[in-house]
Amino acid sequence: MNEPTSENPTSAKVETETQGTVDPLANDEPRRFFMKAVIAIGAGAVAVLTPLIAGVLFFLDPLLRRGKDGGDDEFIKLETTVDALPADGTPQRVTVFADRVDAWNKFLHQQIGSVYVRKIGDQVIVFNATCPHLGCGVDYRPTTQDFFCPCHTSAFDLDGQKKNDIPPRAMDVLEAEIRNKTEIWVHYQDFRAATEEKIPV
Ligand code: FES
């Protein structure tokens with residue numbers, strides 16, 4: 001039997017009449033075991049999930065960046081303005097640039113195509129400059145005020161409509177918006193050649 005003495009006033013042993021000697025720390029054992037288990041499981045989960053989440057984010061990164069590069073609405077601002085276009089509707093050829101993501105690489109300000117832009121009143125109309133016949137570049141002919149493709153002589157009027165039966169369809173009109181009064185934004189798309197239907201590629 002351990003008696004608390006003046007030499008050992010903090011003795012851990014307590015004696016009772018009915019239960020004998022009791023160690024007060026013995027009741028903490030299950031709780032300590034539980035806490036150790038929780039900590040071990042938590043540490044294991046962090047160790048496993050951290051690289052797993054990092055791997056998933058790394059895999060998705062190009063997809064996420066592609067979404068950002070395309071903007072929230074996929075429109076691209078042209079490097080011209082409404083004010084810079086001829087008021088008489090003469091078409092202006094404009095190169096389209098955009099940032100591109102190829103696998104895990106990002107390429108800034110890459111040429112992705114060309115368009116013709118016409119100002120008609122306070123609106124603009126934008127044509128893809130690629131010939132719908134077989135994909136050559138269409139020229140604007142000031143002398144005849146029309147569009148002409150030198151590859152197989154497709155011709156189109158200023159509204160992009162066919163002037164002969166060589167091309168399968170009219171020139172491809174692109175969605176365009178005027179923003180901030182003078183900026184021209186276009187939803188640039190290429191379309192399948194040699195089809196009557198306008199099919200995005
Ligand atoms: S590609 Fe233009 S006419 Fe054939």
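Here are a few friendly notes on the disulfide and the nonpolar cores of this predicted model.

1. Let's start with the cysteines. The model has 1 disulfide, formed by Cys136 and Cys151, whose sulfur atoms lie 1.9 Å apart. The angle about the S-S bond is -95°, which makes the link of Cys136 and Cys151 left-handed.

2. What does this pair tie together? Cys136 sits in the loop between strand 6 (123-128) and strand 7 (139-141), and Cys151 in the loop between strand 8 (146-148) and strand 9 (155-156), so the bond joins parts that are 15 residues apart in sequence.

3. Cys151 is partly exposed, at 38% relative accessible area. Cys131, by contrast, is buried at 2%, and Cys149 is buried at 1%.

4. The largest nonpolar core holds 17 residues, and Leu78, Val96, Val115, Val117, Leu174, Ile184 and Tyr188 have the most contacts inside it. Two or more residues come from each of strand 3 (76-81), strand 4 (92-102), strand 5 (105-120), strand 6 and strand 11 (183-187).

5. Beyond its neighbours within four places in sequence, Val117 is in contact with Leu78, Leu85, Thr90, Pro91, Gln92, Val94, Val124, Ile125, Val126 and Ile184. Of these partners, Leu78 and Ile184 are also listed among the residues with the most contacts inside the core.

6. Another core, of 10 residues, lies apart from the largest one; Tyr116, Val138, Cys149 and Phe156 are among its members. Cys149 is the buried cysteine with a relative accessible area of 1%.

Terms used:
Residues are numbered from 1 along each chain as its sequence is written. This is a predicted model: local features need pLDDT of at least 70, side-chain atom pairs count only at pLDDT 80 or more; totals for chains, interfaces and linings use all residues. Side-chain values use heavy atoms; hydrogens and water are left out. A disulfide is a pair of cysteine sulfur atoms within 2.5 Å. Helices (H or I, at least four residues) and strands (E, at least two) are DSSP runs, numbered from the N terminus. Buried means under 20% relative accessible area, exposed over 50%, partly exposed in between (1.4 Å probe, protein chains only). A nonpolar core is a set of buried Ala, Val, Leu, Ile, Met, Phe, Trp, Tyr and Cys residues joined through side-chain atoms within 4.5 Å. Contact means heavy atoms within 4.5 Å.
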